[in-house]
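Biologist: Before we discuss this chain, could you put the sequence and the structure on the screen? I should then like to go through them with you.
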Amino acid sequence: MSNKTNNPKRREVTGSSSSNSSISSVGAGDNGISADLASLFECPVCFDYVLPPILQCQSGHLVCTSCRSKLTCCPTCRGSLGNIRNLAMEKVASNVKFPCKHSNHGCTVSLVYTEKTEHEEACEFRPYLCPCPGASCKWQGSLDYVMPHLMMSHKSITTLQGEDIVFLATDINLPGAVDWVMMQSCFGHHFMLVLEKQEKYDGHQQFYAIVQLIGSRKEAENFAYRLELNGNRRRLTWEAMPRSIHEGVASAILNSDCLVFDTSIAQLFADNGNLGINVTISVV
Ligand SMILES: [Zn+2]
Ligand SMILES: [Zn+2]
Ligand SMILES: [Zn+2]
Ligand SMILES: [Zn+2]
């Protein structure tokens with residue numbers, strides 16, 4: 001294991017360059033060293049970081065856990081991978097701040113490895129995926145480009161203005177999995193309304209209706225939405241905070257954290273195979 005990057009001389013130079021040594025300049029020096037140290041943990045295959053538990057080959061080379069599971073021998077020396085734990089490197093790793101993996105998109109945060117994954121999931125610099133339901137569109141990019149993308153590549157989506165609108169889903173009796181999508185524009189923001197019909201198990205279909213904000217999670221916290229099926233002297237209501245398109249709606253649908261109803265209920269409110277869902281957005 002080479003230790004040359006952990007050069008104590010460099011620390012002195014950095015520290016003494018600011019004559020009136022302040023806490024912030026000492027901190028900046030530490031960050032420089034941390035960045036040097038972090039590079040020691042780079043996986044030679046994928047350039048992601050090798051994080052604890054750290055295993056080394058017979059000759060001491062490191063490879064990350066996910067690459068390791070795909071390899072039969074060490075990518076550096078072709079030797080046996082073995083199961084040798086490197087506790088010293090693990091100790092070093094817990095004292096190193098690793099840059100967020102979205103640093104190439106502008107994130108400047110560095111964190112200890114135990115906090116890294118959680119941050120990266122929620123990191124505001126993580127690229128946004130296309131918010132359209134279904135995995136057919138592979139677009140991803142920054143938030144500013146989501147609306148232009150929708151207008152360019154998903155022209156068929158209708159937009160209604162106002163905080164109180166009716167989302168009309170036509171032909172809800174179409175067989176198989178179907179998505180209905182609409183945009184609602186109010187309070188200076190765009191919301192995407194999604195109605196999804198899925199076959200839960202053989203012959204049993206369920207509808208899931210949900211609203212997502214074309215915006216960050218923080219922005220989504222400022223709003224609430226209400227979905228209401230109304231008619232024939234019956235009413236079914238769901239209220240919640242909109243999802244941010246950064247998290248998407250797939251997990252909420254999976255957990256039924258949205259308006260859920262089956263085909264029988266849909267029939268109670270449908271008119272000629274069309275279902276109107278009242279959507280109200282409010283500021284909280
Ligand atoms: Zn790797
Ligand atoms: Zn090796
Ligand atoms: Zn980040
Ligand atoms: Zn798309």
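Modeller: One term is needed at the outset: two residues are in contact if their C-beta atoms, placed from the backbone, lie within 7 Å. Please also keep in mind that this is a predicted model.

Biologist: With that in mind, which residues does V279 touch?
Modeller: Leaving out residues up to four places away in sequence, V279 touches I165, F167, Q184, L193, V211, Y225 and L227.

Biologist: What core does V279 belong to, and how many residues are in that core?
Modeller: V279 is in the largest nonpolar core, which has 38 residues. The members that touch the most other members are F191, M192, L193, A209, I210, I277 and V279.

Biologist: Which elements supply at least two residues each to this core?
Modeller: They are α6 (146–153), β8, β9 (178–186), β10 (189–201), β11 (204–213), β12, α9 (263–269) and β16 (275–283). Strand β11 gives the most, with six residues. Another core lies apart from this one; it has 14 residues, among them Y49, L51, C64 and M89.

Biologist: Why would such residues gather?
Modeller: In soluble globular proteins, nonpolar side chains tend to be buried together.

Biologist: How many of the residues are buried in the chain as a whole?
Modeller: Buried residues account for 23% of the 284 residues. As for contacts with a separation of 6 or more, 52% of them are between residues 24 or more positions apart.

Biologist: Now the strands. How many helices and strands are there?
Modeller: The chain has nine helices and 16 strands. Four of the strands form an open sheet in the order β8-β16-β12-β13, with antiparallel pairing.

Biologist: Which strands stand at the edges of that sheet?
Modeller: The edges are β8 (164–169) and β13 (234–240). Each has a single partner strand, so one side of each is left without a neighbour in the sheet. On average, neighbouring strands of this sheet are turned by 25 degrees against each other, direction ignored.

Biologist: How many bridges join β12 to β13?
Modeller: Seven bridges join β12 (residues 223–231) to β13, and the two strands run antiparallel.

Biologist: Let us turn to H190. Where is H190, and which residues is it in contact with?
Modeller: H190 is in strand β10. Setting aside neighbours within four places in sequence, H190 is in contact with M147, M183, S185 and I214. The C-alpha atoms of H190 and Q212 are separated by 8.8 Å, and these two residues are 22 apart along the chain.

Biologist: Why does H190 count as partly exposed?
Modeller: H190 has 19 C-beta neighbours inside 10 Å, whereas a residue is buried if 20 or more other C-beta atoms lie within that distance.

Biologist: On backbone geometry, which peptide bond is cis?
Modeller: The bond from P52 to P53 is cis, with omega near -5 degrees. P53 is found in the loop between α2 (23–40) and β1 (55–56).

Biologist: What about phi at R78 and S256?
Modeller: R78 is not a glycine, yet its phi is positive, about 65 degrees. The residue lies in the loop between α3 (65–68) and β2 (84–85). S256, also a residue other than glycine, has a positive phi near 55 degrees and lies in the loop between α8 (250–254) and β15 (259–262).

Biologist: Are those two buried or exposed?
Modeller: R78 is exposed, with 10 other C-beta atoms within 10 Å. S256 is exposed, with 10 other C-beta atoms within 10 Å.

Biologist: What feature does UniProt place at residues 43–78?
Modeller: The unreviewed UniProt entry gives "domain: RING-type" there. Over residues 43–78 the chain is 11% helix and 6% strand, with the end C-alpha atoms 15 Å apart.

Biologist: Finally, where does pLDDT stay under 50?
Modeller: That is the case over residues 1–29, for which the model has 15 contacts beyond four places in sequence. Where pLDDT is low, the predicted coordinates should not be read in detail. For the chain, the mean pLDDT is 87, and 88% of the residues reach 70 or more.

Terms used. Residues are numbered from 1 along each chain as its sequence is written. Chains are lettered from A and ligands numbered from 1 in the order in which they are written. This is a predicted model: local features need pLDDT of at least 70, side-chain atom pairs count only at pLDDT 80 or more; totals for chains, interfaces and linings use all residues. pLDDT is the predictor's confidence in each residue, from 0 to 100. Two strands pair if DSSP finds at least two bridges between them. Axes are lines fitted to C-alpha atoms, for helices over the stretch in contact, and angles run from 0 to 180 degrees between N-to-C directions. A residue is buried if 20 or more other C-beta atoms lie within 10 Å of its own, exposed if 12 or fewer, and partly exposed in between; C-beta atoms are placed from the backbone. UniProt positions are given in the numbering used here, feature names are shortened, and annotations may be inferred rather than shown by experiment. A nonpolar core is a set of buried Ala, Val, Leu, Ile, Met, Phe, Trp, Tyr and Cys residues joined through C-beta atoms within 7 Å.
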